Amino acid sequence: MSTYFTEDHEWITVDGDVGTIGITKYAAEQLGDVVFVEVPESGASFGKGDDMAVVESVKAASDVYAPVGGEITEGNGDLADAPETVNEDPEGKGWFCKMKLSDKGDLDGLMDADAYKTFCEGL
Amino acid sequence: MAETETLKRTPLYDVHVAHGGKMVPFAGYEMPVQFEGVKPEHLWTREHAGLFDVSHMGPCFLFLKDGLGQAGAHEKIAALMERLVPSNIAILKPGQGRLSVLLNEQGGILDDLIITRMPGEGLDGMLYIVVNGAVKQQDWAHIERELGDAAALQKADDRILMALQGPKAEAVLSERFPEATELKFMRCAYLQRGDEKIMLSRSGYTGEDGFELLLPNNDYGLGIVDSLLADERVKPIGLGARDSLRLEAGLCLYGHDMDTNRDPVEADLGWVIQKSRRERADFPGAERILKAFADGPAEKRVGIQPLERAPAREGTEIQVNGESVGIITSGGFGPSVEKPIAMGYVRADLAAPGTKIDLMVRGKARPAEVCDLPFVQPNYKR
């Protein structure tokens, strides 16, 4: 399993051809208290960079983009009643969805943990 | 263009940065949107005391060019102001303020504003007025154009205008200004400390008890702000919590919940037009506004309670049975009520509390109902 990061602060952990996707700790901290999450439904397909989910704080609604292309196999239903999980454990229990990757080549160009850390320090 | 416009800074800019404020452009100024976070700041204000920088707004003084302080001076300045607003200004007692609206000739709302009769001997014939920051230049130009022959306008937006809001506000402020305890809601005192002059009013934009202070932009004024922030009962509060607090309190934001396309009746601000003014019918747009009173408006501003967890933001379409019947003008999440909340305009026949409506959030119909405002009971000291 390896975890990759985007410049829009999504993470994806890939196991075989299935990836688990969420937003990073940095993103969760920037958003502040999350009050609502809309995760994609199973069977939905997205291209890399498409609007895939929405996360809302008290302040505003923010789009979450698909870090890679593929078909959703599961959305995290627990977030509907407990959106604060995204703040408490953004890179664990606060995952948004699982996706079957259509092309693992989409992972090229994403950052690893070290590169993402450096990227955030530059913001 | 907004991008190339030079943003102004309020006298408290350095204070915000020192307290970790995240600065954003707002109404032409660099303002703090948050410090520790919208939700904790919101809740702190409802439980303790929050300090808000509102120096970007438009405080000013309007006074008679001739006869200031003489007998009948208040009636004269009130008669002038009443040409532009539909409220009874003549009846205000010294130090009393009230909310009103600046109207255009069609009865549309140019701005909402607080108009206060200056307290104290010698100041009859002067009004203290606070208009919104985003439209202050056009408001002031309008007032000067309409009333400039007889009245002079002194702008005070180079000073510090701050609000201290919350249940601890009186205790904190009365340690510096004992006069605060004596004031009731919407009353104002004009204080002097040495050479320094301070306008202190018991008012605000959060639904909580609290005060607004116009302070000089100098070491004295900055010292007051610093000493308040040094008090453990006080935290600085950003624009984000200011918005969620006022929305829970059911208070309008100009340019969103009302504008020149709305008259006071549909904006549910008919109460700012006292009976005497309705009878005299002598304010701008009186014909349209009195007709709206008599026949009922076509649309009405209402509170909206989403019944699911998804917030509905400004611009969200309101539907009933697939038909478009209105629009959300302010919407988000209320940290104190722990639910999404909104306000907006619906067709007048759908304005009764309890009416079921759909909010079209990202293409999906989300159930909601019309509700009474405010979402939290105000704690004003009347």
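This passage describes a sheet in chain A, the interface between chain A and chain B, and the surroundings of one residue of chain B. The structure is a predicted model, in which local features need pLDDT of at least 70 and side-chain atom pairs count only at pLDDT 80 or more, while totals for chains, interfaces and linings use all residues. Residues are numbered from 1 along each chain as its sequence is written, chains are lettered from A and ligands numbered from 1 in the order in which they are written, and side-chain values use heavy atoms, with hydrogens and water left out.

The contact between the chains (heavy atoms within 4.5 Å) takes 16 residues from chain B and 16 residues from chain A. Together the two chains bury about 1,400 Å², 49% of it on carbon and sulfur atoms, the buried area being the accessible area (1.4 Å probe) lost on putting the two parts together, summed over both. On the side of chain B, the residues that lose the most area to chain A are B:R309, B:R313 and B:R362, which account together for 45% of what that side buries.

Four salt bridges are found across this interface, a salt bridge being a side-chain nitrogen of Lys or Arg within 4 Å of a carboxyl oxygen of Asp or Glu. One salt bridge links A:E38 with B:R362, with the closest N and O atoms 3.4 Å apart. The elements giving two or more residues to the side of chain B that touches chain A are β3 (29-34), α2 (38-47) and β20 (364-371) of chain B, and the largest share, three residues, comes from α2(B), helices being DSSP runs of H or I of at least four residues.

Elsewhere in chain B, B:D263 lies in the loop between α7 (239-248) and α8 (275-280). Leaving aside neighbours within four places in sequence, B:D263 is in contact with B:G107, B:I109, B:R288, B:I289 and B:A292.

Notes
Two strands pair if DSSP finds at least two bridges between them.
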